[in-house]
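Subject: Structure handover

Hello,

Here is the structure you were going to look at, with the sequence alongside. My notes on what was found follow below.

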Amino acid sequence: FDGLDGRGSLQTSQLVLQDFPALEKLVDVTKLQFLDHPATRALSTAFQIREGRLHVEPFTVGLGKSALNVSGSNGLDQSLLYNLRLRVPRSELGGAANEAVASLLARAGNAGINLQAAPEIELAIQLGGTVKNPSVKVDAGSMVASTKKQAEQAVREAATQKLSAEA
């Protein structure tokens, strides 16, 4: 398949994913139940086929109140190499997802960050393996950095509001 080349685009007003092992594995790792059989809003992306792999141009799709940025490729051999960035409002995290987030932070050695101050969590996720046997890795370091930045912004905003109220 190395000699197969092409390009195209995909546009749809709605897409529902069911019985997709990669998403099932993502739900298992993140505990985010809204990813189980998600219905996406409109999406549009371009793709190229190079050297036996379908490469998608980065695109973002809405999943309820969350947003998923997707980039990467899959092979005609069904291999997966995708980078996902999932932004999830704290209000959308259930108990199991909060526990998973806390566990990731503990593994990163940064459990002292106040997640309650961050209005949303950003997860950097590597999706690999194959279509039938996917692997999912969540980059706790990027989540910690994103959460820390959001917490710092929330503290700055609260301080500004307090100073404004006192003036």
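To start with a charged residue: R53 is buried but has no salt bridge, and D77, the nearest side chain of opposite charge, is 4.3 Å away. Buried means under 20% relative accessible area, exposed over 50%, and partly exposed in between, using a 1.4 Å probe and protein chains only. A salt bridge needs a side-chain nitrogen of Lys or Arg within 4 Å of a carboxyl oxygen of Asp or Glu. For charge, Lys and Arg count as positive and Asp and Glu as negative, while His and the chain ends are not counted.

The side chain of R53 does make a polar contact with the side chain of S79, at 2.7 Å. (A polar contact is a pair of N or O atoms within 3.5 Å; within protein, one must be able to donate a hydrogen and the other to accept it, and residues adjacent in sequence count only if both atoms are side-chain atoms.) R53 sits in strand β5, and leaving out residues up to four places away in sequence, R53 touches Q48, S73, N74, G75, D77, S79, L80 and L81. Contact here means heavy atoms within 4.5 Å.

Some points on where the values come from. The model is predicted, so local features need pLDDT of at least 70 and side-chain atom pairs count only at pLDDT 80 or more, while totals for chains, interfaces and linings use all residues. Residues are numbered from 1 along each chain as its sequence is written, and side-chain values use heavy atoms, with hydrogens and water left out.

Overall layout

The chain has three helices and nine strands, in the order β-β-α-β-β-β-β-β-α-β-β-α along the sequence. Helices (H or I, at least four residues) and strands (E, at least two) are DSSP runs, numbered from the N terminus. Of the 167 residues in the chain, 36% are buried. Among contacts with a separation of 6 or more, 58% are between residues 24 or more positions apart.

The core

The largest nonpolar core holds 25 residues, and L84, L86 and I125 have the most contacts inside it. Such a core is a set of buried Ala, Val, Leu, Ile, Met, Phe, Trp, Tyr and Cys residues joined through side-chain atoms within 4.5 Å. Two or more residues each come from α1 (21–30), β5 (53–63), β6 (66–75), β7 (80–89), β8 (120–129) and β9 (134–139). Strand β7 gives the largest share, five residues. Not counting residues up to four places away in sequence, L84 touches L26, L68, N69, V70, L123, A124, I125 and L127.

Helix α1

The buried residues in α1 include A22, L23, L26, V27 and T30. Seen down the axis of α1, the buried residues fall within an arc of 140°, so they line one face of the helix; the arc is that of the directions from the helix axis to the C-beta atoms. E24 is also in α1, and is partly exposed at 40% relative accessibility. After α1 comes K31, with a positive phi near 65°.

Salt bridges

How many salt bridges does a search of the whole structure find? There are three.

- K31 and D28 pair through their side chains at 3.9 Å, N to O. K31 is partly exposed at 35% relative accessibility, as is D28 at 47%.
- E122 pairs with R85, the closest N and O atoms being 2.8 Å apart. E122 is in strand β8 and R85 in strand β7, so the pair ties together parts 37 residues apart in sequence.
- R87 pairs with E122, the closest N and O atoms being 2.1 Å apart. R87 is in β7 and E122 in β8, so this pair ties together parts 35 residues apart in sequence.

E122 is buried, with a relative accessible area of 9%, whereas R85 is partly exposed at 36% and R87 is partly exposed at 30%.

Regards
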